Amino acid sequence: MKFIDLHTHTTASDGSFPPAEVMGMAEQAGLAAVAITDHDTTDGVGEALAAGEKMRVEVVPGVELSVNHARLGSLHILGYWIQTSHPDLAVRLESIRGGRDQRNQKILARLADLGCPLDLFEVQAIAGGEVIGRPHLAQAMIKHDYVKSTQEAFDRYLARGKPAYMERDRMSSAEAIDRIHRAGGVAVWAHPGLIGLDESELEKEIEKLVAAGLSGIEAHYPEHSPETTALLLKLCDRYQLAPTGGTDFHGAVKPNVRLGSLEVPAALLEGLRARRP
Ligand code: AMP
Ligand code: ZN
Ligand code: FE
Ligand code: FE
């Protein structure tokens, strides 16, 4: 049986391996297909496509967007087979990344007030790519001995509700799904099991997202319990959505997650592909 991984990050956002190395690991793991889904950028897709041509691994161009949610703060929406240079998506991603930079400046100012000064250039060097995320700030904080681990950095400073948390510009789920469609892609709700919703709350959210044009749900995910995965598969059936799955591979940022460590059947890719416009 062949397996796939439809959720991975590279150095283009907060993953620790360049796209070509991620593809090398995918080939090693014997995966049939990999999606590159960096946060707010498609900058890593070209390198992955080039690397994938030399191996028998299909590369699905993708992106992961954080969208606003009134009650929960944010949800993550994955876009697949997007035309990476389509202005309706690319221009908006650029403005979202600008909002990220503004937020990061605010976080750095607050961290300095809290006795944890960091230099923006140092954080940029750690990030490497054009997207600086909170995991990069956490890495800089570890380097300066302000915290011992990424988890401690989030728990004490960076998580929502903690003293250095700052909001940033995000799309609504409807806008994100619409822009994914306009760029020729399909939209999938990422890791719905991470936010502690019960079945009826999940259904309410799914109905809203389906009305906006959602095509699938990431049912298979390392942090989903077998019960959660079963529930999400049942909801896919009920709402005629394509079930998908991926590891959310980040390399060093999430050291216990490896490419190929989750068995997502390759047949699921065909179910999702059938939803392409
Ligand atoms: P950002 O895109 O800069 O807002 O950072 C989001 C990333 O930070 C997510 O993709 C997670 O990898 C990580 N993250 C968010 N919240 C937490 C948390 N409470 N604990 C650990 N990591 C988190
Ligand atoms: Zn990430
Ligand atoms: Fe996510
Ligand atoms: Fe992710």
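So, the pocket: ligand 1 takes up the space of the largest one in this predicted model. By pocket I mean an open set of points on a 1 Å grid over the protein atoms alone, with protein on both sides within 12 Å along at least five of seven lines.

Which residues are around ligand 1? They are His39, Arg100, Arg103, Gly133, Arg134, Pro135, Gln151, Phe154, Ala159 and Arg168, where being near takes a heavy atom within 4 Å. That shell splits into 3 nonpolar, 3 polar and 4 charged residues, with Gly counted as polar and Ala, Phe and Pro as nonpolar.

Now the polar contacts, meaning pairs of N or O atoms within 3.5 Å. Arg100 has a side-chain N or O atom 2.9 Å from an oxygen of ligand 1. For Arg103, a polar side-chain atom sits 2.8 Å from a ligand 1 oxygen. Arg134 uses a backbone N or O atom, also at 2.8 Å from an oxygen of ligand 1. On its own, ligand 1 has 500 Å² of accessible area, and the protein covers 74% of that (Shrake-Rupley method, 1.4 Å probe).

A bit of housekeeping: residues count from 1 along each chain, while chains run from A and ligands from 1 in written order. Local features need pLDDT of at least 70, side-chain atom pairs 80 or more, and totals for chains, interfaces and linings use all residues, while side-chain values use heavy atoms, without hydrogens or water.

Finally, the overall size: the C-alpha trace spans about 50 × 45 × 40 Å along its principal axes.

How values were computed:
Polar contact = N/O pair within 3.5 Å; in protein donor to acceptor, adjacent residues only side chain to side chain. 1 Å grid on protein atoms, 1.4 Å probe; cavity = no way out; pocket = protein on both sides within 12 Å on 5 of 7 lines; lining within 4 Å. Sits in = over half its atoms within 2 Å of the grid points.
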